[in-house]
Every structure is written in C-alpha cells, then in structure tokens.
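Trainee: I have a new model open and I'd like to learn how to read it feature by feature. Could you walk me through it?

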Amino acid sequence: MSGLAMPKPDAETMRRRAEIVADMRIIVPGEGVVDAANEMRAFESDGLTAYRQLPLVVVLPETVAQVSRVLKYCNERNIRVVPRGSGTSLSGGALPLEDAVLLVMSRFNRILQIDYPNRVVVAQPGVTNLGITTAVEQEGFYYAPDPSSQIACSIGGNVAENSGGVHCLKYGLTANNVLGIEMVLMNGEVVRLGGSHLDQEGYDLLGVMTGSEGLLGVVTEVTVRILKKPETARALLIGFPTSEQGGQCVADIIGAGIIPGGMEMMDRPAIHAAEDFVHAGYPLDVEALLIVELDGPSVEVDHLIGLVEAIAYRNGSTTCRISQSEQERLSFWAGRKAAFPAVGRISPDYYCMDGTIPRKELPRVLAGMRDLSEKYGLGVANVFHAGDGNLHPLILYDANVPGELDKAESFGADILRLCVEVGGVLTGEHGVGVEKRDLMPEMFNQVDLDQQMRVKCAFDPNHLLNPGKVFPQLRRCAELGRMHVHRGQVAFPDIPRF
C-alpha cells in the first residue's frame, strides 16, 4: 500500500489466523473460505486500484444464518470485518485489512420476489443493479438508479454508497428508491428496517443505513421500488463552444422548472475519447457536450424539447440534435455510459473523483479545474451528472512515472476542497471510504464528526466493522462518553490507533 494510514494490524488476531480460518470453515463449509495468498489476490482491492492489501481471510457466506454466525464470532473475539459486494467501489470502501475477515456477499445473488401490483422487488444484496431491471423489463418496468457500473455493481453496494446515476436527477438516488432492508449487526442480531409499505414507523434508520459504507451493519436483503417505463423518452445532444456556456445552460434548464429524466455533460477530452471508442456520432468541434433526456407523455416531451432547445441556443449552442428514434436516443447515451473505459484508452491511468456542487457554480468550478490542471501538469477529462451537480473529473496520470500518483491525489483533493468552498460536498455517490476520509475536516468540524461517530458507536461500539474508513481518525467510544471508565481504565485500552 501507499502511505495511506490504516489501523495497525492486531498482533493477537494475526497470531490466531490458522484458528480463525479453521473456525470460518466450520461456519461456512465447502468452498466458502479462501485463505491462500494467490487466491485472495482477486479481493485485494476494489475500484480504487491504487491501494491493495491482502485480507486475513476471505469468507463467502450463502445464508443469513452464516453471516450472523461470522459476525457474532468476530464480535466475541474482537476480530475486524470488512464487508464487500462486487468490489466496484471507487473510494476504497471495500479495501481489505491485514487482520480483518473480508466478508464477501456475492453469493447472495437471487431475486426473492417481484411484486408488480405494489411495484417492488425484493433482492439479495449480490444481485447486480442492472439485474433488477432485466428481471422486470418484460412487464414494462425498470429500476431507476443506474450507475455507469450497473452491469457489475451490486444492489447491496448501492445501498452502502447511496449510488446515483444518469436518471437520478428526476427519480432520485438509491435512498429514494429503497423501501426496506434486512441487515445483520456486528453482534449477530438480524434486523429488518422498512419493507414493501410506503412509510416506516419510528426513526428513519433505513435512511441512516443507506450510505453508511459498511460501518453499521451487513445488508442481506433489499426491497426496492420499480417504476413503469415512461410512454416516451427522447434526448437532445447539444454542443457548446465553452464548458462555462454548457454549465450555464444546465442551470437555466433547471431554473426554468424543467426536470429532465437525465442531464449529463462531457468536456472535450471526454467527448473525443468516447467518440473514438463507441462512434456515437458526437460532434468533435465543441468544448462541452450536453445530453438532455426528457420523458413522459409524448405531447409533454415534444413541448419540453422546444423549451430546452431555445434555452440551449440562448446560451450559445453551436449544435443541437434531437433523437428521432429509440436507436438514436440509445446511441447518444452509449458514449456517456462508456466514458470511463473510453478515457482508459487515452491514458495509462486515471483517477476518478466524485464531488457535488450547486448547479449555479458549474462554470466557476470548471474554470477552477482548468487552473488546477495547469498547476499540477496533469490532464483532466470531465464527465458528470450535470443536472444534480455531481462531478466526476477523471485525472489523467501515469503510475509508472515517479510522483505522478501523489500529484493526481493532491489534484483530486484540491478539486474536492473547491467543491466544498463553493457550497458543495465531498461526495455525491462514490462515498468517502479511504479516498476522502482525511478530507472530512474540510467539510465538518469536530462536533459534527463526533455526532456522526456516536451513530457508529450505537451500532458497533468496538469499531470492528470496516475500520479505517470514513472517519479521519480512529477514536474510541469512551472519548465520546459512550463507555464506562473504571478506575481510569477504558474497555479495550490496547486497541491500536492511527
């Protein structure tokens, strides 16, 4: 691993590794335990591939009872646990620890119930995001949140990171489309929050769990809302001479009261990379490209297309194509959906960032990123959910050049500081993980962080679930007044800090 500070391995846990592996094989028999170093390599990293670490052991349970027994076992023996879904996290949220059991939920891959009258699907956490839509599309339904990684990312991981996507501007993030979950706490207790009904009683613990990044519990079942496909969907492909004009067009569309089904933006490097990769017919003589999708009744869509077209031309648009067929609409999106792998073809490595800003600040932030690009001497391709201000700058670098990874990370940190400075936040959908962990004080003061930590303490008082993620330093619940101090001694005084 790089110089990223993580919790020091617990010597006692490391000493008992053989015993722990043997006990895991009893709890999860068959091929559910992986402990050979060469076989664990497949799990040493997630989507933040700059950081790698072999876990203590990999465990792949198949039943809720097994998950419960694993967590209870680890809780009683003070063994850390890192939950993992498909491993597509871009913030290092599933990065293993040397002394932690890596609990991989990929075998929970079945859809348990499809309820069309109530418009819900009950799925295990290992089902892919796209798998839910595939299961219901023959009846004219779909699942709205659609991250670019939807073909691979799991619904359990979507809950952990509160994932977004192209259509979240109009239809909401994961939090707006999850109705209930079943989860296992660190002590092995199985808990249900929400369900197929519209509202749950009491505190919104479902809202707390959505986006909790594996720090509070392990999700074993998810109930999601499915939507009927709109009658009509058409898209506009709009080019601008400058990114600032494109950003202003975004702000003006929302300001006019129009909420598109999706609104995405790419700058010149991303446009050229995507066009070379998928040949979607993108104009190559523009600095910014906006894709605006409008859906609903055909009469409404036709009316809104006229309004958006007029707003685009008022902002200096030099090209505006309106899809005339479903095939053409899908071709507009093909380049955007493939933008990340497309950029991978023009640079040895890239660092994908994630920050969110007020829409009106788009021109200022895009200009600021150009200045930072010159400062660090690294290129940047911008692909982002323009409608909700969720930026995904792709910082181009070469890991084989000494110091370039460090420069890319510093560049990314400055982008996130700029996001916070203009009134935005550190993440929109990728999560904090380890990537943004040490930037949390840029957005929250110590009182804020202490309050968040108290929630962690309520669910996991011994800090065994996914330690080293989200919070900039490992702190004991005793420091927050949560644990009893007896004769000057707190429980577990030997737990390492970093």
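This is a predicted model: local features need pLDDT of at least 70, side-chain atom pairs count only at pLDDT 80 or more; totals for chains, interfaces and linings use all residues.

Trainee: Is Asn162 buried or exposed?

Mentor: Asn162 counts as buried because its relative accessibility is 16%, and the cut-off for buried is under 20%.

Trainee: And what about Val470: what is its phi, and where is it found?

Mentor: Val470 also has a positive phi, near 70°. Val470 sits in the segment after helix H17 (446–459), and with a relative accessible area of 10% it is buried.

Trainee: Let me zoom out. How many helices and strands are there in the protein?

Mentor: The protein has 17 helices and 19 strands. Its radius of gyration is 23 Å, close to the 23 Å that the globule rule gives for 498 residues, so the protein is as compact as a globular protein of that length. If you want a box, the C-alpha atoms fill one of roughly 70 × 55 × 45 Å along the principal axes.

Trainee: What share of the residues counts as buried?

Mentor: Of the 498 residues, 57% do. As for contacts with a separation of 6 or more, 71% are between residues 24 or more positions apart. The accessible surface comes to about 19900 Å², and carbon and sulfur atoms own 51% of that.

Trainee: Now charges. How many salt bridges does a search of the whole structure find?

Mentor: The search finds 29. To read one, look for a side-chain nitrogen of Lys or Arg within 4 Å of a carboxyl oxygen of Asp or Glu. Lys170 and Asp295 are one such case, at 2.6 Å from N to O. That pair links distant parts of the chain: Lys170 is in helix H7 (residues 168–171) and Asp295 in strand S14 (residues 288–296), 125 residues apart.

Trainee: Which of those two ends is buried?

Mentor: Asp295 counts as buried, at 3% relative accessibility. Lys170 is partly exposed, with a relative accessible area of 33%.

Trainee: On to rings. How many aromatic pairs does the structure hold?

Mentor: It holds 3. Read each one by the centre distance and the angle between the planes. Tyr116 and Phe141 make a tilted pair, 5.3 Å centre to centre with 35° between the planes. Tyr116 lies in the loop between strand S5 (111–115) and strand S6 (120–123) and Phe141 in strand S7 (residues 141–142), so the pair ties together parts 25 residues apart in sequence. Tyr116 is partly exposed at 24%, whereas Phe141 is buried at 6%.

Trainee: How are Tyr376 and Phe411 arranged?

Mentor: They are stacked, at 5.5 Å centre to centre and 10° between the planes. Tyr376 belongs to helix H14 (residues 362–376) and Phe411 to helix H15, 35 residues apart. Tyr376 and Phe411 are both buried.

Trainee: Last one, the surface. Which residues make the nonpolar patch of about 380 Å²?

Mentor: Tyr203, Leu205, Val208 and Val455 do. Tyr203 is in the loop between strand S9 (190–194) and helix H8 (205–209), and at 73% relative accessibility it counts as exposed.

Note on methods:
Residues are numbered from 1 along each chain as its sequence is written. Side-chain values use heavy atoms; hydrogens and water are left out. Patches are made of residues with over 30% relative accessible area and no salt bridge: like charges are joined within 9 Å, nonpolar side chains (Val, Leu, Ile, Met, Phe, Trp, Tyr) within 5 Å. Accessible areas come from the Shrake-Rupley method with a 1.4 Å probe; for residues, only the protein chains shown count as cover. Helices (H or I, at least four residues) and strands (E, at least two) are DSSP runs, numbered from the N terminus. Buried means under 20% relative accessible area, exposed over 50%, partly exposed in between (1.4 Å probe, protein chains only). The radius of gyration is taken over C-alpha atoms; the globule rule is 2.2 Å times the number of residues to the power 0.38. Contact means heavy atoms within 4.5 Å. Rings of Phe, Tyr and Trp (its six-membered ring) pair if their centres lie within 6.5 Å; planes under 30 degrees apart count as stacked, over 60 as edge-to-face and the rest as tilted.
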